[in-house]
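Please read them with the coordinates open.

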Amino acid sequence: MSFDKQCFSQPDSSYGIYQIIHSGVVNGDAAARSYQERGYAGVVGNLPYTRTFPKDKAAWEATKKGFQAFLSRGMHVWIYDENGYPSGTAGGAVIEADPSLEAEGLYCYEYWRTLTGPCEFRADVPGDTLYCALLLPLEGGEPIDVTSCQNAAQTLYLDIPEGSFHLFTMSIRHLFDGTHAAESYSEPRKYISLNDRKATETFLQMTHEHYAAILGDAFGNGIRAFFTDEPSLISWNIRQGVYPIVPWHRTFPEAFQKKYGYPISLAVMAVVTKRGPDVPRRRCDFWEFVGEGVAANYFGVIQEWCHAHGTKSSGHMLEEERLSAHVINYGSLYKCLKRMDWPGIDQLDSEPQKLMERENKLPIARLIASFADINGEHEAFTEFSAHTSYMENKQIGIDWVRASVNWHFAMGINNFTSYYDLSVYSREEEKALNLYTARLGYLLRLGSRDSHVALLYPEAAIWTAYTPQIGERAMDHSPETVQVDSSFRSISWDLLERQIDYDYVDEALILEASICQGSLCYRDRCYSTVILAGARVLSLATMQKLVQMTGEGIFVLCMTCLPSICRDGENDAFGQLLHTCQESPFFAYFEGYTLPGQTKIPWLYRPCQVTPDSLDCVLTGAEGSGKVIDGEVLSTQILSHSRILEDNSRIVFLTNMGSRIYKGKLQVPEKGLALLANPGTGEVTSIEGCLHAQFQTLPVLLRPYEALAYIIQN
């Protein structure tokens with residue numbers, strides 16, 4: 001599809017914002033008319049939160065009429081799937097109906113004192129049900145299983161053999177005290193196990209099936225998607241805890257033994273204590289196992305149901321910003337996101353400086369939008385608001401709301417569900433914001449993102465590094481975890497600050513992708529460069545593929561550390577393969593947390609370059625919002641998004657997230673007619689460029705928080 005001026009100037013309202021109205025959908029036609037007049041695409045709504053949720057027949061009838069009022073006007077609807085959050089309990093009805101579906105964890109206790117044998121020893125153990133007790137030899141080696149030494153009261157009477165040991169116990173306990181179940185903003189509510197397929201199916205029977213019964217004909221038409229909100233394993237404490245916790249389900253021992261060939265207790269020991277043989281492999285095995293279970297038994301069940309009913313699965317996760325949180329909350333966030341049609345984020349910030357804050361925050365919008373770009377659905381969403389500003393008793397201006405819209409579109413997010421209170425602005429400003437969003441929603445769905453750089457999601461490395469902690473949110477501040485987290489986060493932001501379009505990929509994608517003409521190709525994506533940031537651990541198969549890639553002219557760049565640990569266990573061939581990679585001219589390694597300048601890494605694909613006219617455009621205040629690296633001036637407050645259309649035209653979307661007017665130049669490879677599209681006015685005008693031998697240079701003038709789009713014919 002080619003660019004159409006009229007479609008940009010007067011876009012379909014379905015590209016606008018969806019207001020989240022948990023209690024307002026039942027207001028029927030009056031609400032629908034009001035939101036339509038203000039330019040909204042539709043609403044995110046749900047069954048009202050009555051005392052008998054989700055069994056209130058009158059509420060279901062009112063919900064049906066409410067949604068039909070929006071649908072009859074040609075507006076679209078997303079369905080929010082829970083009473084409050086986290087999703088999965090149907091307001092508590094799931095566990096009330098079947099208590100066996102409640103989430104469990106293993107509480108892991110290592111007695112501090114060294115037990116030196118031979119001797120006798122008695123020990124009571126914490127927790128509700130002892131699963132396993134081990135004696136860990138301090139000299140190394142496999143533990144001794146002493147679970148059978150418990151009596152009917154679960155007291156251990158041990159005969160300690162010769163040697164020095166620590167006692168390590170794993171006890172099963174329902175997850176509530178101190179966890180997200182008890183600390184949610186909604187209400188203290190027992191939570192389901194995401195590893196229990198029956199729990200998810202029960203949840204769907206109590207919620208989704210009723211929506212299908214009353215609105216089934218609209219599924220796949222006006223009803224676009226189901227929105228699931230912050231499900232997680234909750235096997236960690238929000239407050240300070242006492243013992244480390246890992247996820248658990250009664251099916252784990254048999255299923256883990258069958259898949260990996262050894263007891264899960266040895267994997268848990270490796271995860272919590274770092275003791276025993278093959279610690280990296282066992283840690284990876286455990287989290288991979290947990291992640292695959294969550295992906296299949298929660299997100300997969302929902303996705304299968306949605307596909308069977310002609311709609312899409314969507315939602316957002318908990319604590320997307322921290323790589324190590326991905327482990328404790330999901331086992332594998334990446335695997336879970338693959339089972340969402342339209343993945344999303346929860347963006348609580350709207351102040352530009354907070355949106356661009358790189359300390360301790362991944363650019364989650366780019367992470368999630370990568371799934372839409374790679375997997376073919378091309379739809380990703382945000383639940384966005386000014387929550388953090390409201391909590392500080394601050395009211396933000398409409399220009400900052402637009403800046404947030406710009407930030408999301410630059411990252412690749414193209415659906416907006418809103419918790420903003422836009423009533424504080426004028427009706428004209430509200431309508432203008434929806435029109436603004438719709439223009440960009442139309443424009444930035446044309447073609448596909450021009451990403452030729454892949455950044456590896458370092459899953460095996462974070463699985464190996466992360467150790468569950470008893471501190472708040474189970475944060476692990478060990479040097480190993482900090483290195484992986486910091487390196488991955490820093491390089492992510494460095495690429496954005498260089499206006500380099502990129503995708504996040506995992507090892508499975510690298511292995512599945514084909515190599516053709518110097519690129520790693522997967523579906524419609526072709527990557528000329530793959531970056532490993534903090535990826536100290538890789539599988540043997542991935543290392544073999546890297547050798548093949550560098551041999552075929554695909555650049556591999558390692559940052560912070562080299563991949564020196566084989567995920568599959570010690571293997572001499574792994575080191576030999578790494579050495580082969582290092583000898584290739586298509587391999588480079590830099591120890592720092594910041595990408596070098598382009599003179600040192602000229603092979604990072606950057607067809608569209610943005611450069612300031614002077615340092616005054618990027619340096620503000622004492623610290624500055626620009627950088628100079630290896631003589632290259634970086635415009636760190638400018639975000640870009642480049643797309644290639646079917647007719648080989650290019651769209652370059654630029655937004656200024658800084659508080660200073662930006663003057664500079666945009667360099668593009670296309671030399672044809674250039675148009676400038678203004679989402680604020682809807683105007684599309686010709687713009688004069690300067691032609692060079694290999695490229696065209698176009699002038700850039702961006703006011704604070706402004707965004708413009710360039711359309712260049714090839």
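**Notes on the model**

1. Start with a bridge. Ile-515 has Leu-520 in E19 as its bridge partner. The two strands here are E18 and strand E19 (residues 519-522), joined by 3 bridges and running antiparallel. Two strands count as paired if DSSP finds at least two bridges between them. Helices (H or I, at least four residues) and strands (E, at least two) are DSSP runs, numbered from the N terminus.

2. A word on the basis. This is a predicted model, where local features need pLDDT of at least 70 and side-chain atom pairs count only at pLDDT 80 or more, while totals for chains, interfaces and linings use all residues. Residues are numbered from 1 along each chain as its sequence is written, and side-chain values use heavy atoms, with hydrogens and water left out.

3. Axes are lines fitted to C-alpha atoms, for helices over the stretch in contact, and angles run from 0 to 180 degrees between N-to-C directions.

4. There is also a parallel sheet. It is open, with 5 strands in the order E17-E16-E21-E23-E25. Strand E17 (502-505) and strand E25 (587-590) stand at the edges with a single partner strand each, so one side of each has no neighbour in the sheet. Neighbouring strands are turned by 20 degrees against each other on average, direction ignored.

5. Look at one pair in that sheet. Strand E16 (residues 453-456) pairs with E17 in the parallel sense over 4 bridges. Opposite Leu-456 stands Val-505 in E17.

6. Which strands does helix H21 (residues 540-551) lie across? They are strand E21 (529-533), strand E23 (555-559) and E25. H21 runs at about 125 degrees to E23.

7. Now the largest pocket. It holds about 1,200 Å³ of space. Of its 45 lining residues, the closest to the centre are Tyr-185, Glu-230, Asp-346, Leu-348 and His-387. The elements giving two or more residues to the lining are helix H5 (180-183), strand E12 (342-347), helix H13 (352-355) and helix H15 (387-391). H15 gives the largest share, 3 residues.

8. How that pocket was defined. On a 1 Å grid over the protein atoms alone, a pocket is an open set of points where a 1.4 Å probe fits, with protein on both sides within 12 Å along at least five of seven lines; lining residues have an atom within 4 Å of a point. Grid points are joined across faces, edges and corners, and the volume is the space filled by probe spheres set on the points.

9. What is the lining of the largest pocket made of, by class? It has 17 nonpolar, 12 polar and 16 charged residues. Ala, Val, Leu, Ile, Met, Phe, Trp, Tyr, Cys and Pro count as nonpolar, Asp, Glu, Lys and Arg as charged, and the others, Gly among them, as polar.

10. Check the backbone at the prolines. The bond from Tyr-85 to Pro-86 is cis, with omega near -5 degrees. Pro-86 sits in the loop between strand E3 (76-80) and helix H4 (93-97). The bond from Gly-117 to Pro-118 is also cis, with omega near 5 degrees. Pro-118 lies in strand E5 (residues 115-123).

11. One phi value deserves a look. Ala-474 is not a glycine, yet its phi is positive, about 55 degrees. Ala-474 is in the loop between helix H18 (459-465) and helix H19 (479-497).

12. Last, the whole chain. Its secondary structure comes to 22 helices and 36 strands.

How values were computed. Contact = heavy atoms within 4.5 Å.
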